[in-house]
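Dear colleague,

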There are 2 protein chains.
Amino acid sequence: MSQITITAEKIHQMEVNYRRNLINDLPSFKSPHLIGTVNTKGITNLSIFNSIVHIGANPPLLGFILRPLTVERHTYENIKTCGYFTINSVTEQLMERAHACSGKYPKGVSEFIMTGIKPAYSKIQPAPYVEESPIQIALKIEEEQAIKSNDTRLIVGRIVEIRIEKEMLSPKGYIDVSKHKILTGRGLDQYFTVAKGKRLARITKDSCLLI
Amino acid sequence: MSQITITAEKIHQMEVNYRRNLINDLPSFKSPHLIGTVNTKGITNLSIFNSIVHIGANPPLLGFILRPLTVERHTYENIKTCGYFTINSVTEQLMERAHACSGKYPKGVSEFIMTGIKPAYSKIQPAPYVEESPIQIALKIEEEQAIKSNDTRLIVGRIVEIRIEKEMLSPKGYIDVSKHKILTGRGLDQYFTVAKGKRLARITKDSCLLI
């Protein structure tokens, strides 16, 4: 094996697609999810994001990174006007249709219609869920942080409802994803099922000295 | 299959460990990485984080979420005083030692020493890399955002150097992770190797109508 070193200057001089592929692939695996929203006219939107991040458990908060608002960002506008959005897990079965949500569709036509993904609704908030997703999460926008370095935004939402397949939920609160082939992802266009998983014990004052 | 609905009130009333497990497991897969830092006395620190997120390719930026500063956070203090940190991929081989970096060790003793993970150094910045990691990234702190909802912080760094196994890099800039069994994770304590992966074509004006 031989290691190569890539300097900041080399990154700066890279061809634009090469750089995009490399930098997007760097942080190994990501978490592809479908974000569902609705505008004031009732037109739904479904977008694929791979930047979902855990912010905290109490209060229950999740976040995601939005690209700069230089082009129309329906997800952002809908969240700002409606106040709510949903985050839905992507299974192997949903993969191709979920990826197709990254396309640009005619104005006023929902990705739900274009991709055939079926929405589902809840009584407590207006944003559409993805009916097929085994984990569906509804959030109320709580906070928005403008990232000055590149005009992206961190959107933070507070979980207001979780809809989950009962069989996935363990008595301790863990979610078993093995039954539904929920995907992990890489870069902008790669999707993976997972192989074997291992749960490691919490590191305590005693166990840490045994390593 | 039957779906259950968990309301915000139910989440609020949950036993604390149950809630922590559930909310941490909700966003499916995460991206475990080791973050290496050093303090002004030259004492190194290595912590495991699963909240690494892509912020942008040009300029090349990555971010991560830091928990509230109510206890000593060496990673944060070191980044603030030294200005640099490294993000290192976690392989199956590194898994147990990487997880052990979540332990609390005697003051002034580095996780590198306690876990036996070997550091490596670069000429251009002082933070330690993980020598065994096939993808090693050095970053300069660029920005810090205080998340008001729960006192966590988003730390944004600009990539100043990448060290990567040459065989992993494709002519288009993609990184092939299959050779090194880089892990994805779930919650606070689960690690997975990935199975089959699929790269999907970019959705264009024509292809989007074929879905």
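In which loop of chain A is the place of Asp151(A)? Asp151(A) sits in the loop between strand S9 (135-147) and strand S10 (152-165) of chain A. Helices (H or I, at least four residues) and strands (E, at least two) are DSSP runs, numbered from the N terminus.

Please note that this is a predicted model, in which local features need pLDDT of at least 70, side-chain atom pairs count only at pLDDT 80 or more, and totals for chains, interfaces and linings use all residues. Residues are numbered from 1 along each chain as its sequence is written, while chains are lettered from A and ligands numbered from 1 in the order in which they are written.

Although Asp151(A) is not a glycine, its phi is positive, at about 60°. Asp151(A) is partly exposed, because 13 other C-beta atoms lie within 10 Å. A residue counts as buried if 20 or more other C-beta atoms lie within 10 Å of its own, exposed if 12 or fewer, and partly exposed in between, with C-beta atoms placed from the backbone.

Ser28(B), likewise not a glycine, has a positive phi of about 50°. Ser28(B) belongs to the loop between helix H2 (16-25) and strand S2 (33-38) of chain B, and is buried, with 26 other C-beta atoms within 10 Å.

There are also cis peptide bonds to report. In chain A, the bond from Asn58(A) to Pro59(A) is cis, with omega near 0°; Pro59(A) is placed in the loop between strand S4 (53-56) and strand S5 (61-66). In chain B, Asn58(B) and Pro59(B) are joined by a cis peptide bond with omega about 0°, and Pro59(B) lies in the loop between strand S4 (53-56) and strand S5 (61-66) of that chain.

Yours sincerely
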